[in-house]
Amino acid sequence: PINKAEPDASQCKVSGKGVEGPVVQGEDAPIQIEAVNRLGQRIKSGGDPFVIKVSGPNDRVLDSPVKDNGDGSYSSSYKPVDYGKHTVEVTLNGAPVAQSPYTIDVKRPAGYPAANKCFCEGPGLKGGDTAEPSEFTINARDEDGNVVNPPASVWTVMLTDPDGDDVDVSVGEGQNGVYACSYQATRQGPHTLVVGLRNPVVASSFEELPGSPFSPNITQGTD
């Protein structure tokens, strides 16, 4: 039998949205590899150990298993959890393939806020009293500063009293990107108010808005 031609990492081809963009947070980003020998000829059989490693923000490494299609082509895909800079390394026996490493700037989903462009305002951020509800608003903006109006479930709002107990905060649905929030404190003293934007892929993870945590001080109210 004729020995199988060895692929040349520098001659192999890598393509697809996963290395060319655009890539959106939470959406699949496919990658295709074509094995090519040192003469620039396409290899028509499989079996070569291509490896893909995708590294994102927050030291997160994403799964991107490589499927051998048996014809010299290989398929892979990854799904970014975070927005921002990701590095895609494609290697063959440790050698970089084609133009690897690739740098991809992952975008937030269309219409999703950017935590650093959102803001809170209102007297309830500074405090209130035990007799009347304290109120504030969350104002949603995307990365370009445009008003967006996602469901209120994108926000994480947590208030704790001086004893460390949770205080309920109601968050209304958005009206032109403005979300009315209110809480009724029952204890006097310094409280801690955290306002965050949930990660659209992993809801348990959130990014705090500018100014958070706030430190509202509650005084004794008179009925």
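These legends accompany several close-up views of a predicted model. Residues are numbered from 1 along each chain as its sequence is written, and side-chain values use heavy atoms, leaving out hydrogens and water. Because the model is predicted, local features need pLDDT of at least 70 and side-chain atom pairs count only at pLDDT 80 or more, while totals for chains, interfaces and linings use all residues.

**View 1. Phe136 and Tyr183 form a tilted aromatic pair.** The structure holds 3 aromatic pairs, counted when ring centres of Phe, Tyr or Trp (its six-membered ring) lie within 6.5 Å. Here the centres are 6.5 Å apart and the planes meet at 55 degrees, so the pair is tilted; planes under 30 degrees apart would be stacked, and over 60 edge-to-face. Phe136 belongs to strand β12 (residues 134-139) and Tyr183 to strand β16 (residues 178-183), so to speak two distant parts of the chain, 47 residues apart. Strands (E, at least two residues) are DSSP runs, numbered from the N terminus. Phe136 is buried at 2% relative accessible area, and Tyr183 is buried at 2% too; buried means under 20%, exposed over 50% and partly exposed in between, with a 1.4 Å probe and protein chains only.

**View 2. Arg108 places its charged end over the ring of Tyr83.** The distance to the ring centre is 3.7 Å. For a charge to sit over a ring, NZ of Lys or CZ of Arg must be within 6 Å of the ring centre and within 35 degrees of the ring normal.

View 3. For Cys118, the nearest cysteine sulfur is that of Cys120, 8.3 Å away. The sulfur of Cys120 has its closest cysteine sulfur in Cys181, at 7.2 Å, too far for a bond. Cys118 is buried, with 2% relative accessible area, and Cys120 is buried at 13%.

**View 4. Strand β13 pairs with β18 and with β14.** Pairing requires at least two DSSP bridges between the strands. Antiparallel β14 (residues 166-167) is joined to β13 by 2 bridges, with Thr160 opposite Asp166. The hairpin of β13 and β14 has 5 residues between the strands, and Gly164 in the turn has a positive phi of about 85 degrees.

Technical notes. Helix = DSSP H or I, 4+ residues; strand = E, 2+ residues; numbered from the N terminus. Disulfide = S-S within 2.5 Å.
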